Amino acid sequence: MLAVGGAGLGILALWMVFSQMEMVESLWVQIGGAFFGLTLLLALVWQSLKYAVLNTFLGLYSVLVVAAVILVWTEKPLAAWMLVVPLGLIIDDGIHFFVRFLRAKRGFFQQNAQAIRFTLVSIGRPIWVTSLLLLAGMSVLALSSNPMIQLESWVVILSILVMTFAVLYWLPAWVISIL
């Protein structure tokens, strides 16, 4: 049920973002390039295309949902770079999660539920701390007098919140039940 609702929200966010974007072709190139580059790099390091795609997709999903909220809230079109920058920052939470999860799976814990438990115990607090530090830093930028910097900082702040929630609550349940 949660997966269906999340997919519906993602499709709605994707439609809203791309219908309001300036230079949609440029957006496809930049977002596609970032997605492909991040996925390829993670797949090479992790030796798992499945988890690399899942991590990068989760980051892209978080950014697109936030971009849709920002579009509804401000009614201003976003530039393509305003989505690529937060994607690079927020993908870090998923990297922490999957590095520990894959280490657990390749080590002592063969079942997903056991590996998830080990992963959350060992990286739950560091993910919260790094996310809070990023939020504090971006909050300073949100006070800027430049409207473009304010808008980008809000995109990053909200993306961090969505990604942290997704990695610590939604992703473990999804990995246990589906993968």
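This is a predicted model: local features need pLDDT of at least 70, side-chain atom pairs count only at pLDDT 80 or more; totals for chains, interfaces and linings use all residues.
User: Why is leucine 89 called partly exposed?

Analyst: Leucine 89, which is found in helix α4 (residues 81-106), has a relative accessibility of 31%. Buried requires a value under 20% and exposed a value over 50%, so leucine 89, at 31%, counts as partly exposed.

User: Why does tryptophan 46 count as buried?

Analyst: Its relative accessibility is 5%, and because the label asks for a value under 20%, tryptophan 46 counts as buried.

User: What makes the pair of tryptophan 46 and phenylalanine 98 tilted?

Analyst: A search of the whole structure finds 11 aromatic pairs. In the pair of tryptophan 46 and phenylalanine 98, the centres are 5.7 Å apart and the angle between the planes is 45°. Ring centres must lie within 6.5 Å to pair, and planes under 30 degrees apart would count as stacked, those over 60 as edge-to-face; the pair is therefore tilted. This pair links distant parts of the chain, with tryptophan 46 in helix α2 and phenylalanine 98 in helix α4, 52 residues apart.

User: What makes the pair of phenylalanine 97 and phenylalanine 98 edge-to-face?

Analyst: Here the distance is 5.2 Å centre to centre, and the angle between the planes is 90°. Phenylalanine 98 has a relative accessibility of 0% and so counts as buried, and phenylalanine 97 is buried with a relative accessible area of 0%. Both phenylalanines belong to one aromatic cluster, which Phe97 and Phe98 form with Trp46, Tyr51 and Phe101.

User: How do you know that the reach of α3 is close to the expected value?

Analyst: From its first C-alpha to its last, α3, with 26 residues, reaches 37 Å, whereas 38 Å is expected at 1.5 Å a residue. The expected span takes one less than the number of residues, and against that value the reach of α3 is close. Just after α3, glutamate 75 takes a positive phi of about 55°.

How values were computed: Residues are numbered from 1 along each chain as its sequence is written. Side-chain values use heavy atoms; hydrogens and water are left out. Helices (H or I, at least four residues) and strands (E, at least two) are DSSP runs, numbered from the N terminus. Buried means under 20% relative accessible area, exposed over 50%, partly exposed in between (1.4 Å probe, protein chains only). Rings of Phe, Tyr and Trp (its six-membered ring) pair if their centres lie within 6.5 Å; planes under 30 degrees apart count as stacked, over 60 as edge-to-face and the rest as tilted.
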